[in-house]
Structures are given as C-alpha cells and as structure tokens.
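Student: I have just opened this structure and would like someone to walk me through it. Could we take it one piece at a time?

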Amino acid sequence: MSRKIIVIGGGLSGLAAAWTLERAGADYTLIEVKRALGGSIHTDRRGGFTSDSSQFILEKFADWPFLPALGMDEADALAPMGRYRDGALVAFTHGTGALIDALAARLTRPVMMRMAVSSLGFLSRDETMCGVCLENGVMMEARGVVIAAPARYAERMLRSLNAQAAALLEDYQYDPTLRLNLGFRADDVAVSGDANDLPAPLKFVQVLGHDRLPTRIPDGHVLVRAGMRVADLADAQAGAAAERLVREKLGITAEAVYRHVRLWPEGDPLTCYAPEHKATMAAIDAQLPQHVRLTGSDYRARRLDALFADAEAQAQAVLAAIS
Ligand SMILES: Cc1cc2nc3c(=O)[nH]c(=O)nc-3n(C[C@H](O)[C@H](O)[C@H](O)COP(=O)(O)OP(=O)(O)OC[C@H]3O[C@@H](n4cnc5c(N)ncnc54)[C@H](O)[C@@H]3O)c2cc1C
C-alpha cells in the first residue's frame with residue numbers, strides 16, 4: 001500500500017512539516033495554491049531595500065534549533081533589534097523569506113504549485129486511505145495528510161471527511177491587516193524609532209535607519225514600516241490611506257524611493273485568541289484520525305519556533321500513524 005503523505009499549504013508550517021517528512025525519508029507531496037511558497041511570509045528585495053510585508057521583527061525567547069539544522073549560521077542570519085519582555089527581538093539579515101528559501105531548498109519530493117485542494121475524503125471503509133481532491137478535478141490518494149492551510153480553507157476541505165471537525169472550524173474570524181514599507185532618503189525624515197499616539201486604524205509606525213539593518217536598508221536611507229487594520233477588504237485605496245496617515249504623523253513631504261504594500265485578508269487570526277480555542281482544538285484533534293493532522297498559525301501556535309515545533313509534531317504523528 002502507498003505510504004504517500006500529502007502536505008497541503010506551502011507556508012512556513014507546511015514547509016516545516018514537509019522538511020520533517022524529508023528528514024524521515026518519507027514519500028510526500030506538497031501542494032500550494034499560490035505561485036510562490038511562503039504563505040504569509042513575503043520578502044521584497046528591490047533598490048537596495050529588503051522588506052517583509054508580514055513577519056519582520058520577531059520575538060526570540062529561546063534557541064532556534066531549526067537555523068543550524070537548515071545550515072543557517074545564527075550570527076549571519078539574524079540581526080539583533082532590541083529586547084521584548086524577557087526575550088530578544090531579531091530580524092533576518094536578508095529578510096524572513098531567507099528561511100522559506102532555506103526550507104524549500106531542502107525538499108526533494110514533488111512540490112505542486114498553483115494547485116488548490118478543494119476537499120478530502122476517505123477512500124476505504126476502514127478510513128486508512130484518503131482522497132485529496134484538487135480544484136481541477138484530479139484526485140490524489142494518500143495514506144496521511146498534513147493540512148497546513150488557514151482554518152477558513154481547512155474547514156471546507158474537511159466537510160466531507162469529518163463534518164464535526166469542519167463545523168468546529170466554521171466562522172473562524174480574521175482581522176485583515178495591511179503592511180506598508182516605505183523607503184526615503186534619510187535627510188527627508190526627521191524622526192526615528194517607534195511613533196506614539198497613532199490615529200486609528202494605524203497599529204504601529206516605525207522608522208529604521210541603515211545603522212539598524214545595514215544589509216536591508218541602503219546607506220543614507222530609512223525604512224518606514226507601518227501596520228493598519230483594514231475594515232473593508234474591497235477598499236482599493238487602503239494602501240494610499242495608510243501612506244497618507246503615516247506621512248501626516250511623521251511630517252514627511254518628500255517622495256518615497258521605495259514602496260512595498262500588502263494586504264493580508266487572514267492577517268490576524270482572531271479566533272485563536274478566544275479562551276475556548278484550546279478546547280475547540282482538542283475537540284477537532286479528537287475528531288480527526290491520527291493520519292490527518294492540522295498545523296499552522298490558526299490552530300496551536302503563532303510564534304516562529306512554536307510553529308516549527310507544531311509542524312514537526314503533526315508530521316511525526318502522521319508518520320507514526322501510518323507505519
Ligand atoms: C501582517 C502579518 C504580520 C505578522 N507578524 C508576525 C510577527 O511579527 N511575528 C510572528 O511570529 N508572526 C507574525 N505573523 C504571523 C506569521 O506570518 C504566521 O504565523 C506564519 O507565517 C503562518 O504560517 P502558516 O504556514 O501556518 O500559514 P500561512 O502562511 O497562511 O500558509 C498557508 C498556506 O496554505 C496555502 N493554501 C491555502 N489554501 C490552500 C488550498 N486550498 N490548497 C493548497 N494550499 C492552500 C496558502 O496559499 C498558504 O501558502 C504575521 C502575519 C501577518 C499576515
């Protein structure tokens with residue numbers, strides 16, 4: 001019997017799960033709906049600027065064993081950015097996307113891009129074989145499945161495989177988020193650091209100089225980062241509105257020399273902060289068989305190291321269930 005495992009979603013969690021399977025010598029295929037890997041991690045490199053439109057400055061409370069395991073030397077890969085509570089703040093010296101590139105480079109099994117999984121089902125009465133249906137009508141067989149896609153999509157995939165588990169993911173709520181990165185000549189921006197007393201719906205505004213991140217900000221320039229909640233996803237002017245608010249706040253009139261704007265419909269997974277979410281996840285885990293597991297930021301983990309650890313644990317659970 002085939003021992004193929006299908007990993008759905010090529011964000012950090014799906015890649016970390018696939019890499020776990022890779023190291024275990026398993027037969028897996030990764031399926032990603034978009035044209036690029038990384039999911040909600042996206043690094044833009046243009047004109048000497050390297051900006052991230054999601055994870056940029058990260059909290060680091062402990063060792064990150066995945067860095068050396070991926071051949072990344074921590075001293076080269078990470079730049080210190082300060083302290084947060086009892087941990088460090090760091091940024092990837094070449095963008096958070098460097099982590100995605102390192103993971104993707106380790107995968108030797110098929111990676112199917114621009115392919116959406118629409119639904120899952122069992123192919124045998126004893127529920128050992130799964131059918132993974134793609135939007136183009138093709139059905140792939142698998143002994144195990146790691147679902148590393150957001151809850152909004154996982155809910156649809158699970159409807160025919162396990163209606164109770166799907167129902168528990170129904171109405172998962174997100175806060176759409178916009179990220180703005182603007183590059184200016186340093187002489188055109190009088191302030192630095194974090195801005196306070198921000199007008200709604202701005203969440204943060206930060207000005208970083210070349211001295212803070214020399215590998216990512218050209219000499220003589222600054223990078224202005226901002227985050228904003230977006231109430232109406234159809235608002236095509238949201239980026240321009242964010243830029244106007246940031247300019248007003250910082251008193252900048254000069255033209256930007258670099259601009260990277262991105263809207264994330266599933267920016268902030270609100271449901272996972274609800275007090276009952278842990279119990280809901282336990283109920284979903286109990287509903288699903290061990291060879292069909294969920295992993296990702298909508299479920300059990302949010303920080304980078306926790307996402308890695310959960311993806312590894314879920315991939316290993318699937319492996320154990322089918323061996
Ligand atoms: C604006 C923003 C700022 C953030 N800031 C921070 C931060 O400062 N610190 C921090 O720790 N975290 C931060 N995060 C969170 C962090 O980026 C995520 O937790 C992490 O990247 C999630 O990875 P994931 O693989 O679980 O999910 P995702 O990145 O969402 O990946 C899921 C993948 O599944 C794919 N997919 C969806 N449906 C299908 C389908 N039907 N078939 C196949 N593939 C499918 C998607 O295309 C996507 O590639 C931020 C996120 C955002 C959006």
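**Loops, domains and the ligand shell**

Tutor: Let us start with Glu-127, which sits in the loop between β9 and β10 (130-134); please keep in mind throughout that this is a predicted model.

Student: OK, what is the phi of Glu-127 like?

Tutor: Phi of Glu-127 is positive, at about 65 degrees, although the residue is not a glycine. Most residues other than glycine have a negative phi.

Student: And how exposed is Glu-127?

Tutor: Glu-127 counts as partly exposed, because 14 other C-beta atoms lie within 10 Å.

Student: Which loop holds Arg-114, and what is its phi?

Tutor: Arg-114 is found in the loop between β8 (111-112) and β9 (117-122), and its phi is near 55 degrees, a positive value in a residue other than glycine. Arg-114 is exposed, since it has 11 other C-beta atoms within 10 Å.

Student: What about the peptide bond between Ala-200 and Pro-201, cis or trans?

Tutor: That bond between Ala-200 and Pro-201 is cis, with omega about 5 degrees, and Pro-201 belongs to the loop between β14 (193-194) and β15 (202-209).

Student: Let's zoom out. How many helices and strands does the protein chain have?

Tutor: The protein chain has nine helices and 18 strands, and its C-alpha trace spans about 70 × 40 × 40 Å along the principal axes.

Student: How does the radius of gyration of the protein chain fit with a compact globule?

Tutor: The radius of gyration is 21 Å, which agrees with the value near 20 Å that a compact globule of 323 residues would have. Of those 323 residues, 38% count as buried.

Student: How is the protein chain divided into domains?

Tutor: The chain is divided into domain 1 (5-50 + 95-172 + 271-322) and domain 2 (175-269). The centres of domain 1 and domain 2, taken over C-alpha atoms, are separated by 31 Å.

Student: How many residues of each domain are in contact?

Tutor: From domain 1, 15 residues are in contact with twelve residues of domain 2. On the side of domain 1 that touches domain 2, β3 (43-46) and β4 (49-52) each supply at least two residues, and the residues of that side divide into three nonpolar, eight polar and four charged.

Student: Where does the largest nonpolar core get its residues?

Tutor: The largest nonpolar core has 78 residues, and those with the most contacts inside it are Ile-5, Val-7, Ile-8, Val-145, Val-146 and Val-224. At least three residues of this core come from each of domain 1 and domain 2.

Student: Can we pick one of those? What does Val-146 touch?

Tutor: Leaving out residues up to four places away in sequence, Val-146 touches several residues, among them Ile-5, Val-7, Ile-8, Arg-293 and Val-318.

Student: Now the ligand. Which residues are the closest to it?

Tutor: Of the 33 residues that surround the ligand, the closest are Gly-9, Gly-11, Gly-39, Gly-296 and Ser-297. The elements that give two or more residues to this shell are α1 (12-23), β13 (174-185), β17 (258-269) and α9 (304-322), and α1 gives the most, with three residues.

Student: And what is the shell around the ligand made of, by class?

Tutor: The shell has 15 nonpolar, 13 polar and five charged residues, and at least three of its residues come from each of domain 1 and domain 2.

Terms used
Residues are numbered from 1 along each chain as its sequence is written. This is a predicted model: local features need pLDDT of at least 70, side-chain atom pairs count only at pLDDT 80 or more; totals for chains, interfaces and linings use all residues. A nonpolar core is a set of buried Ala, Val, Leu, Ile, Met, Phe, Trp, Tyr and Cys residues joined through C-beta atoms within 7 Å. A residue is buried if 20 or more other C-beta atoms lie within 10 Å of its own, exposed if 12 or fewer, and partly exposed in between; C-beta atoms are placed from the backbone. Domain bounds come from an automatic or database domain assignment. Two residues are in contact if their C-beta atoms, placed from the backbone, lie within 7 Å. A residue is near a molecule or strand if its C-beta atom, placed from the backbone, lies within 6 Å of it. Helices (H or I, at least four residues) and strands (E, at least two) are DSSP runs, numbered from the N terminus. Ala, Val, Leu, Ile, Met, Phe, Trp, Tyr, Cys and Pro count as nonpolar, Asp, Glu, Lys and Arg as charged, and the others, Gly among them, as polar. The radius of gyration is taken over C-alpha atoms; the globule rule is 2.2 Å times the number of residues to the power 0.38.
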